[in-house]
Amino acid sequence: MLNLVLRNLTYYWRTNLAVLFGVGVAVAVLAGALLVGESVRASLRGLFLQRLGRASHVMSAPNFFRSDIPVESLHGRKDDVGSSARLTVRETLAAAELGEFSVRPRQTETRAVFVPLASLQRSLDRTGRVNTILFAARGGAAEEEAARAQTEKLNGLLRASATLEDLGVKLRWLDAGRGLALESESGMVGDALADAARASADKAGMKAAPVLSYLANTIRVGDRQVPYSIVTAFDEDTFGRLAPQSQAPGSVVDDRSLAPVVLNEWAARELGARVGDAVTLEYYLWEESGRLSTRAAEFRLAGVVPVEGAAADRDLVPEYPGITSSRSIADWDPPFPVDLSRIRPQDEDYWDEHRTTPKAFVTLARAQELWRTRFGSLTSLRVRRPEGETPESARAGVADVLGGTLEPSAAGLSVYAVRAEGLASSRGATDFGEYFLYFSFFIVVSALLLAALFFRLGVEQRLREIGLLHALGFTAGRVRSVFLAEALLLAALGSAVGVPGAYAYGWLLMKGLRTWWVGAVGTTALELHAGPWPFVFGVSGGVVAALLCIVWTLRGLRRASARSLLAGAREWETKAGEFSRRASIFSSRRLLVPAAALVATYRPGRSVLCITLIASAAFIIVAVDAFRRDDSAAARDRRSGGGGYALLAESLLPVVHDPNTPEGRDALNLGDEDALEGVTLARFRLRPGDDASCLNLYRPSRPRILAPTDAFRREGRFGFGSALAAEGEAKANPWLLLEREFEDGAVPFVADANSAAYVLHVGLGEDFILERGGGAAPLRLRLVATLADSVFQGELMVSERNFLRHFPEQEGYRVFLLDLPPNSDAADAQRVAAALEGRLADFGFDAVSTSERLASFHRVENTYLSTFQMLGGLGLALGTLGLAAVLLRNVLERRRELALLRAVGYRRADFGLMIVAENALLLAAGLLTGVLSALPAIAPVVAARGGRLPLASLGMLLAAVVVSGLAASLVATAAALRAPLLASLREE
């Protein structure tokens with residue numbers, strides 16, 4: 001049988017070559033698509049490792065480049081936005097020499113500048129300090145489990161070796177009577193540090209007393225006042241020991257509606273105050289909304305103390321730059337306004353003699369109600385040493401216990417496995433192999449249908465051979481075995497052809513990704529990586545699918561008799577062919593077109609296959625084009641992807657002033673800018689992280705987090721795709737869902753629909769686990785609404801309240817949406833952008849139009865759609881090839897009929913008309929089927945986003961089909977006219 005199979009393959013080589021071509025195309029496309037996915041992953045992995053170098057772990061610390069005092073506090077330097085250093089370029093480094101060094105995976109360009117460490121430390125006034133340490137694991141890249149073990153080990157070493165200074169904690173010895181002062185470099189002692197300090201003091205046999213000091217702009221009693229005074233708050237015990245010292249019998253305040261205050265003798269004398277008087281404290285308060293406000297609080301004078309003992313302690317105030325080190329009040333340079341004209345000579349005398357000694361004392365509970373911040377509610381803790389213990393041993397004891405209690409992660413110090421995390425991200429947010437399998441699906445189907453079609457044609461061409469085999473005693477099963485053996489060999493040969501084809505297909509697609517379609521990937525660093533597995537899976541899938549299609553074509557051989565097969569016909573075929581021939585012979589030339597329609601039903605299986613091939617390609621081309629994004633949509637529509645805002649801006653450094661207020665504009669040097677007249681800015685807090693948009697090929701593990709203000713949420717801008725709200729205000733304005741409270745503690749968030757579906761892979765009501773690093777527990781975010789095609793495709797949106805609760809270290813606002821006056825145009829938007837970028841250059845302010853931002857996302861989507869459409873065009877080419885084969889085969893089978901028609905006087909033009917009509921019928925049926933099938937698919941998108949019918953694409957498609965159909969008709973007509981007339985008539 002093997003000899004018979006081989007002879008059949010060589011004898012019918014033309015038909016078998018077509019089958020081999022179809023199998024080869026299917027294998028090439030399947031394996032090539034998988035090869036693209038593997039190549040993208042390998043390229044991302046290689047790009048990340050090239051930029052990372054030998055580093056495997058990173059230890060990082062916050063707050064290095066800015067003042068340690070939080071910007072969003074009273075004493076934070078809002079105008080300290082950076083400094084400049086003049087450097088000389090020595091050389092430029094290539095990417096292979098770590099010229100694009102980065103510890104975070106991203107495929108877009110990286111800007112890295114390398115300077116001597118000592119020089120940078122001097123420029124930043126941080127001699128001997130760093131904020132990043134790189135570690136290299138032995139053996140290079142570590143496996144996930146090994147990386148986790150190494151991370152734990154490094155974190156253990158960090159906990160064991162980190163000093164209090166590394167953690168931002170200052171522990172200074174005052175004197176034997178006052179003990180130790182525990183302070184923070186931020187000026188505020190956080191709650192975690194305060195709890196750890198109390199626990200450490202207890203273990204060391206000491207007691208820690210909390211202290212909160214604040215600057216009062218005015219202490220007022222009646223019409224008399226004292227300017228710029230320190231007020232210190234003690235706990236109830238300490239305050240209770242301080243107050244009774246000056247209270248005469250019966251002078252205790254009975255009115256409990258006002259909190260008590262104690263003044264020192266100097267302040268009481270200047271104010272003319274007596275026990276029981278109402279004392280008003282006026283003070284500045286920096287609001288988190290971005291403005292400095294003046295508040296006032298009223299107290300009842302509970303006592304007056306002399307400036308001695310605990311009331312004469314000038315170290316109750318931490319060091320505040322611009323204030324505590326000044327030689328006089330006139331030399332103060334605080335980050336808030338000071339009216340030096342209010343300073344009297346006696347105020348300067350007090351500063352010369354007592355410096356920062358408090359003039360007033362209040363209870364800690366009341367002070368924390370007034371002056372608590374998210375960075376802490378204390379300025380220091382006082383720790384007294386036990387009797388008989390030396391200052392050195394007391395300090396060492398507290399430092400040892402406190403150092404062992406504090407977690408470095410609480411201070412922002414963390415170690416993470418940068419290599420392992422980057423390699424995990426290199427797997428990609430989307431599987432390009434899977435995408436290109438989708439894109440190539442119709443090519444694969446078309447190729448397999450083409451292979452089945454040609455194999456079927458080959459079988460029908462050999463009907464007499466099959467009948468002869470039956471007459472010689474071959475059973476139907478044995479005949480099918482012969483054909484299956486031929487099919488198996490053809491599939492094997494096709495897969496052999498498909499392997500180099502897969503390499504070429506993968507190379508071509510990778511070439512396209514880094515050149516023609518670079519807008520979709522954002523990098524030219526993608527290279528082809530030909531591993532074995534894509535070929536193995538592609539060949540296996542292609543061969544199995546081809547065999548199944550071929551087996552399907554053989555199913556009819558069971559019903560054919562030997563007699564009919566020897567006659568060259570099959571009994572189960574439709575009688576439409578006989579009717580067609582008779583209709584053609586006895587009709588006039590005017591009935592040639594209807595006769596051709598009947599002829600098209602002569603082989604219904606072939607016709608259905610052709611229609612299927614053309615309909616599939618038409619469906620893809622028409623449906624895909626309707627999903628293209630139109631960037632000409634009204635950008636000022638409040639429900640559009642830009643929310644009605646003209647510009648989107650981002651700053652490298654946080655902006656804490658509110659640019660919508662006159663005070664904020666003056667502070668930002670924007671008050672006299674005419675271009676900003678009528679412009680308002682919506683502000684967003686930002687936690688930097690990975691881009692979660694389609695512009696990032698890497699899988700984001702720590703996406704960017706945005707927090708809009710409450711005012712922005714109440715406006716209800718932007719269009720939503722879906723939301724958890726079924727009714728009420730939240731249904732009309734899903735932004736309100738960000739304030740929803742979940743019993744399990746999940747934090748609600750809003751994301752762009754594309755990011756949620758294709759990057760984060762979460763659905764409505766599902767959770768995304770945000771890794772925070774630094775030993776902090778992961779944060780569970782729950783998707784409550786999705787935005788429809790918005791400028792927020794790269795971020796996750798949470799409420800400002802939840803943002804400040806979970807990310808208190810992130811200060812100020814760094815993302816802005818600019819709303820221009822109604823009649824503004826693109827030129828006005830450019831002027832506004834130029835003005836802001838110029839005035840806020842120190843903040844690294846960069847503004848782009850929202851339409852341009854959306855267009856960058858749309859370019860990615862449209863590029864993928866163009867890819868899909870191009871591959872659909874290749875499917876159309878395969879369909880046209882199948883159509884030409886069917887027409888040619890039909891003409892060859894009808895050569896006796898055509899010879900008879902020629903003998904009775906039909907002309908060559910008549911044959912051309914008949915064949916063109918048959919071709920047009922099949923083309924029209926395929927196109928009509930594909931287009932009608934595409935209409936329901938594109939109807940939702942047309943209705944949802946005001947889409948358009950792809951009339952231009954339809955026109956191009958029809959033109960291409962007409963040209964290809966005409967070419968196929970001409971080939972079939974030429975073949976029919978080449979048939980010998982006499983020989984064909986003798987067979988009729």
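Mentor: A strand here is a DSSP run of E at least two residues long, a helix is a run of H or I with at least four, and both are numbered from the N terminus. The model is predicted. Rolling a probe the size of a water molecule over the atoms shows where empty space is left. In this structure, that space includes seven cavities of 30 Å³ or more.

Start with the largest cavity, which has a volume of about 90 Å³. Its lining is made up of 14 residues, and those nearest the centre are Tyr 228, Ser 229, Trp 351, Arg 355 and Lys 359. Two elements, β6 (224–234) and α8 (345–354), each put at least two residues into this lining. Sorted by class, the lining of the largest cavity comes to eight nonpolar, three polar and three charged residues. Arg 355 and Lys 359 both lie nearest the centre, and Arg and Lys count as charged.

The second largest cavity has a volume of about 60 Å³. Around it stand His 75, Ser 213, Tyr 214, Leu 215, Ile 230, Val 317, Tyr 320, Ile 323 and Thr 324. Strand β5 (residues 207–221) makes the biggest contribution here, with three residues; Ser 213, Tyr 214 and Leu 215 are those three. Ile 230, also in this lining, falls within the range of β6 (224–234). By class, the second largest cavity is lined by six nonpolar residues, three polar ones and no charged ones. Both Tyr 214 and Tyr 320 belong to this lining, and Tyr counts as nonpolar in this scheme.

Thr 363 sits in strand β10 (residues 360–363). Because its relative accessibility is 7%, Thr 363 counts as buried, the cut-off being under 20%. Beyond its neighbours within four places in sequence, Thr 363 touches Ala 233, Phe 234, Glu 236, Phe 239 and Pro 260. Of these contacts, Ala 233 and Phe 234 are within the range of β6 (224–234).

In short, the largest cavity draws on β6 and α8 and has three charged residues in its lining.

Definitions and conventions. Residues are numbered from 1 along each chain as its sequence is written. This is a predicted model: local features need pLDDT of at least 70, side-chain atom pairs count only at pLDDT 80 or more; totals for chains, interfaces and linings use all residues. Side-chain values use heavy atoms; hydrogens and water are left out. On a 1 Å grid over the protein atoms alone, a cavity is a set of points where a 1.4 Å probe fits but cannot get out, and a pocket is an open set with protein on both sides within 12 Å along at least five of seven lines; lining residues have an atom within 4 Å of a point. Grid points are joined across faces, edges and corners, and a volume is the space filled by probe spheres set on the points. Buried means under 20% relative accessible area, exposed over 50%, partly exposed in between (1.4 Å probe, protein chains only). Contact means heavy atoms within 4.5 Å.
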